[in-house]
Amino acid sequence: MPSWIRAVILPLSGLLLSLPAAADVKARSCNEVRQAYGAKGFSLTDIPYQEIAGEHLRICPQEYTCCTTEMEDKLSQQSKLEFENLVEETSHFVRTTFVSRHKKFDEFFRELLENAEKSLNDMFVRTYGMLYMQNSEVFQDLFTELKRYYTGGNVNLEEMLNDFWARLLERMFQLINPQYHFSEDYLECVSKYTDQLKPFGDVPRKLKIQVTRAFIAARTFVQGLTVGREVANRVSKVSPTPGCIRALMKMLYCPYCRGLPTVRPCNNYCLNVMKGCLANQADLDTEWNLFIDAMLLVAERLEGPFNIESVMDPIDVKISEAIMNMQENSMQVSAKVFQGCGQPKPAPALRSARSAPENFNPRFRPYNPEERPTTAAGTSLDRLVTDIKEKLKLSKKVWSTLPYTICKDERVTAGTSNEEECWNGHSKARYLPEIMNDGLTNQINNPEVEVDITRPDTFIRQQIMALRVMTNKLKNAYNGNDVNFQDTSDESSGSGSGSGCMDDVCPTEFEFVTTEAPAVDPDRREEESSAAAAQGSYSLLSWSLVCMVLALQRLYR
């Protein structure tokens, strides 16, 4: 071939050979990836204009790629951040449920106690006047202790209520016997006979059952809402392992590196990644569901026999009824106390002349049990409980279903209807591996996430233990028992309605047990005989007044 022809053909053939390569370079442009990468807020200086060899990649397939090492690092961190946000968003409902309902219930119970105390104070000021105001600290202490118990104080409700009635008996015994002077030792002797004398009738026994069970249920339920809130907040803040981060990067952003930024992961591929990353959270589910079931059981108690609203709203009327029982039985009670504790010393003449029922006014608004008052934020306990029960039921299995909820998000996957045109971790094609079961031990053969099934997450195990302890408290509360102060009396097994006998255990007839009476000075017996005669006259007058008061009270009811 002539040299001049060779000089023309060789450059021309080189040009022709280069044309397919130029067309291939155009097909592997990174412009679409650049746009998607820039939309994430990253600088475009990191990204090439066309694909480059991918030997430098550590996570994505080492083929021709639009990703540099810097891009892979940044997208890996981006996948971690998006995963953490997805878990927080997905668990938002359960977290807000416990946060908002805890606040609502706590407001309600606190305001209920405040209203009950105010109602009793107002009614007793109108009914008993100065007599009440001079002894109001007895009732104030009762509500102080109830509030302290509710807020987590170390209060034995049964002992506290027994102490209240004993103190009330001491005060009333002095009021109905003003002609005597009672020493501290004598009053202590009087209080010892509270249970045997039953001066207040059956009200203390019934009220103790109702108050104890209602307060145990209310406090434990609010504590349960607190624990649920704390566990949900803690568990929703995930810390993905290095193996999880690699899998997230491969699923979410390796399509970018392959020049396929609009192709989303296959649904089943997403499920395996999420089940591997959230394996420990899924193990929380069993204890969480038991906790929710226990909360629902106590909620039913709050609606029924352990309803704190139905106990606290009429507590002023119940205590007033007890006081009237004491007034009706004042002569019998005094006689029995004198028999057991000895004859008290007469009071100075000025004191004995004082009459007991000063400014006594039996008019007060009777309680209508059909009234359902609204207290905190214009609601009632029944409405609050109905609302929380619906929300609690929806929060069951929340942790084991997290992968499914996340992978249903159209921002994350291609969906179940697009199984051929989705990213399977290597290319745009169907995802073939089977879906793993839930929980840590089932991830031993997870094809997407390296999971060490021999090392459970200690943080999640702590939450499981917290739920287990709370579930035990809730079960105790459901049965009317405090986990710290369990009632061992027969009354603990009865209905919380406070009416009739409790599980066929009825109070026995009064049996008065005498104790050694204080010695009486022989020289004063004549004086005390005169005082006893004066007491008889006073008691007859007092009895007439009481009968009139009772008649008026029943008339106004």
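Visitor: What should I know before I start?

Guide: This is a predicted model, where local features need pLDDT of at least 70, side-chain atom pairs count only at pLDDT 80 or more, and totals for chains, interfaces and linings use all residues. Residues are numbered from 1 along each chain as its sequence is written, and side-chain values use heavy atoms, with hydrogens and water left out.

Visitor: How many salt bridges does a search of the whole structure find?

Guide: Side chains of opposite charge can pair when their charged atoms come close. Here a salt bridge means a side-chain nitrogen of Lys or Arg within 4 Å of a carboxyl oxygen of Asp or Glu, and the search turns up 28.

Visitor: Where do Lys-396 and Asp-293 lie?

Guide: These two form a salt bridge, with their closest N and O atoms 2.8 Å apart. Lys-396 sits in the loop between helix H20 (381-394) and helix H21 (402-408), while Asp-293 is in helix H15 (residues 285-303), so the pair ties together parts 103 residues apart in sequence. Helices here are DSSP runs (H or I, at least four residues), numbered from the N terminus.

Visitor: Is Lys-118 buried or exposed?

Guide: Buried means under 20% relative accessible area, exposed over 50%, and partly exposed in between (1.4 Å probe, protein chains only). Lys-118 counts as exposed at 54%, whereas its salt-bridge partner Asp-122 is partly exposed at 29%.

Visitor: How many residues of H7 are buried?

Guide: Helix H7 covers residues 157-176, and 14 of its 20 residues are buried.

Note on methods:
Helices (H or I, at least four residues) and strands (E, at least two) are DSSP runs, numbered from the N terminus. The expected span of a helix is 1.5 Å times one less than its number of residues.
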